[in-house]
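Please keep the sequence and the model in view while reading.

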Amino acid sequence: MVRNPLTPEERERGERLGRLLREARGPRSMVEVAAVAGLSAETLRKIETGRAPTPAFFTVAALAGALGLSMDDLVTSCSPAPV
């Protein structure tokens, strides 16, 4: 299966998500947060650095739960600013 290239907006949204997750993780290690979310530390690393800018819904939901974030907050924080 060939994947369509991401738009600049999709990449930017992924970068915002990564920054938000890094900030929410605070001093906790990637390994600790990933384990609580049921993910690998490498998956979390890719999301936080923007190398996986469009993670699956359930991956984001698991991370939100592990970090005490609401999905509403994630949507609000990662949506583009109105023009």
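A residue counts as buried when its relative accessible area is under 20%, as exposed when that area is over 50%, and as partly exposed in between. Glu42, with a relative accessible area of 35%, is therefore partly exposed. The model is predicted.

**Salt bridges**

- Side chains of opposite charge can pair when their charged atoms come close.
- A search of the whole structure finds four salt bridges.
- One of them joins Glu12 to Arg16, and the closest N and O atoms of this pair are 2.6 Å apart.
- Glu12 and Arg16 are about one helical turn apart, because four residues separate their positions in helix 1.
- The two partners can be compared by their accessibility: Glu12 is partly exposed, with a relative accessible area of 44%, whereas Arg16 is buried, with a relative accessible area of 14%.
- A salt bridge also forms between the side chains of Arg25 and Glu48, with an N to O distance of 2.8 Å.
- This pair links distant parts of the chain, since Arg25 lies in helix 1 and Glu48 lies in helix 3 (residues 41-49), 23 residues apart.
- Both Arg25 and Glu48 are buried.
- Arg51 and Glu42 meet through their side chains in a salt bridge, at 2.7 Å from N to O.
- A network of salt bridges links Glu42, Arg45 and Arg51.

- Arg16 is placed in helix 1, which covers residues 8-25.
- Is Arg16 buried or exposed? Its relative accessibility is 14%, so Arg16 counts as buried.
- The side chain of Arg16 also makes a polar contact with the side chain of Glu12, at 2.6 Å.
- Which residues does Arg16 touch, not counting those up to four places away in sequence? They are Ser77, Cys78, Ser79 and Pro80.

**The largest pocket**

- Rolling a probe the size of a water molecule over the atoms shows where empty space is left.
- The largest pocket has a volume of about 270 Å³.
- The lining of this pocket consists of 13 residues, and the closest to its centre are Arg13, Leu17, Val60, Leu74 and Cys78.
- Helix 1, helix 4 (57-67) and helix 5 (71-78) each supply at least two residues of this lining.
- Which helix gives the most to the lining of the largest pocket? Helix 5 does, with four residues.
- Sorted by class, the lining of the largest pocket holds nine nonpolar, three polar and one charged residues.

**The position of Ala61**

- Ala61 is found in helix 4, and that helix is among those that supply at least two residues of the lining of the largest pocket.
- With a relative accessible area of 26%, Ala61 is partly exposed.
- Ala61 and Met71 are 10 residues apart along the chain, and their C-alpha atoms are separated by 6.9 Å.

Note on methods: Residues are numbered from 1 along each chain as its sequence is written. This is a predicted model: local features need pLDDT of at least 70, side-chain atom pairs count only at pLDDT 80 or more; totals for chains, interfaces and linings use all residues. Side-chain values use heavy atoms; hydrogens and water are left out. Buried means under 20% relative accessible area, exposed over 50%, partly exposed in between (1.4 Å probe, protein chains only). A polar contact is a pair of N or O atoms within 3.5 Å; within protein, one must be able to donate a hydrogen and the other to accept it, and residues adjacent in sequence count only if both atoms are side-chain atoms. Contact means heavy atoms within 4.5 Å. On a 1 Å grid over the protein atoms alone, a cavity is a set of points where a 1.4 Å probe fits but cannot get out, and a pocket is an open set with protein on both sides within 12 Å along at least five of seven lines; lining residues have an atom within 4 Å of a point. Grid points are joined across faces, edges and corners, and a volume is the space filled by probe spheres set on the points. Ala, Val, Leu, Ile, Met, Phe, Trp, Tyr, Cys and Pro count as nonpolar, Asp, Glu, Lys and Arg as charged, and the others, Gly among them, as polar.
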